[in-house]
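Please look over the sequence and the model shown here before reading on. The report that follows takes up one part of the fold and then widens to the rest.

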Amino acid sequence: MAGVAAHARPALGSARRAGEQPGIEQHFAFLAGLLERGLLVAAGPLRDVDGHGMTVTRFPSFSAAEHAATREDRSVTGGLLAVRVRPWSVVVTVVPAAPTPEAPLDG
């Protein structure tokens, strides 16, 4: 099993945040499809880089993850988001309850 992190950012240079871009619902639909297929581990915006986010998936290979991120996400194929797919080797897995968006990261 391959772990893959995909970083997304608005490709169009708009002053709007990624979540406010027209067409972002296509990205959310893509993520929902990954969830339904059991391939989505986690997804969300990065707090330290405005407009960037990360999606962690569990595909059987890097090429399958890269194909999905670059060819199946209509927000990417349509030019709204640009992605960079990177392989990730999972060494330790511990998944505690997810913090709420308002919860401090160091808390």
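## Helix 1 and its surroundings

In helix 1 of this predicted model, the buried residues are Ile24, His27, Phe30, Leu31 and Leu34. Seen down the axis of the helix, these buried residues fall within an arc of 110°, so they line one face of helix 1. The face turned away from that buried side carries Glu25 and Glu36, which are exposed.

Helix 1 itself covers residues 24-36, which is 13 residues, and from its first C-alpha to its last it reaches 19 Å, close to the 18 Å expected at 1.5 Å a residue. Its buried residues pack against several other elements, namely strand 2 (40-45), strand 3 (53-59), helix 2 (62-72), helix 3 (74-77) and strand 4. After the helix comes Gly38, whose phi is positive, near 75°.

What is the order of the elements of the protein from the N terminus on? They run β-α-β-β-α-α-β, and the secondary structure comes to 3 helices and 4 strands. Of the 107 residues in the protein, 31% are buried. Among contacts between residues at least 6 apart in sequence, 65% join residues at least 24 apart.

The structure holds 1 salt bridge, which Arg37 forms with Glu72, the closest N and O atoms being 3.2 Å apart. Arg37 lies in the loop between helix 1 and strand 2, while Glu72 lies in helix 2, so the pair ties together parts that are 35 residues apart in sequence. In general, side chains of opposite charge can pair when their charged atoms come close.

The protein exposes about 7,300 Å², of which carbon and sulfur atoms supply 57%. On this surface, Val91, Val92 and Val94 make a nonpolar patch of about 360 Å². One of these residues, Val92, is placed in the segment after strand 4 (81-88).

How exposed are the two partners of the salt bridge and this valine of the patch? The table sets out their relative accessible areas.

| Residue | Relative accessible area | Class |
|---|---|---|
| Arg37 | 49% | partly exposed |
| Glu72 | 33% | partly exposed |
| Val92 | 66% | exposed |

Val92 counts as exposed because its relative accessible area of 66% is over the cut-off of 50%, whereas Arg37, at 49%, counts as partly exposed.

Terms used. Residues numbered from 1 in each chain as written. Predicted model: local features only at pLDDT ≥ 70, side-chain atom pairs only at ≥ 80, totals over all residues. Heavy atoms only, no water. Patch = residues over 30% accessible without salt bridge, like charges linked within 9 Å, V, L, I, M, F, W, Y side chains within 5 Å. Areas by Shrake-Rupley, 256 points an atom, 1.4 Å probe, with all protein chains shown as cover. Salt bridge = Lys/Arg side-chain N within 4 Å of Asp/Glu carboxyl O. Helix = DSSP H or I, 4+ residues; strand = E, 2+ residues; numbered from the N terminus. Buried < 20%, exposed > 50% of the residue type's maximum accessible area, 1.4 Å probe, protein only. Expected span 1.5 Å × (residues − 1). Arc of directions from axis to C-beta. Contact = heavy atoms within 4.5 Å.
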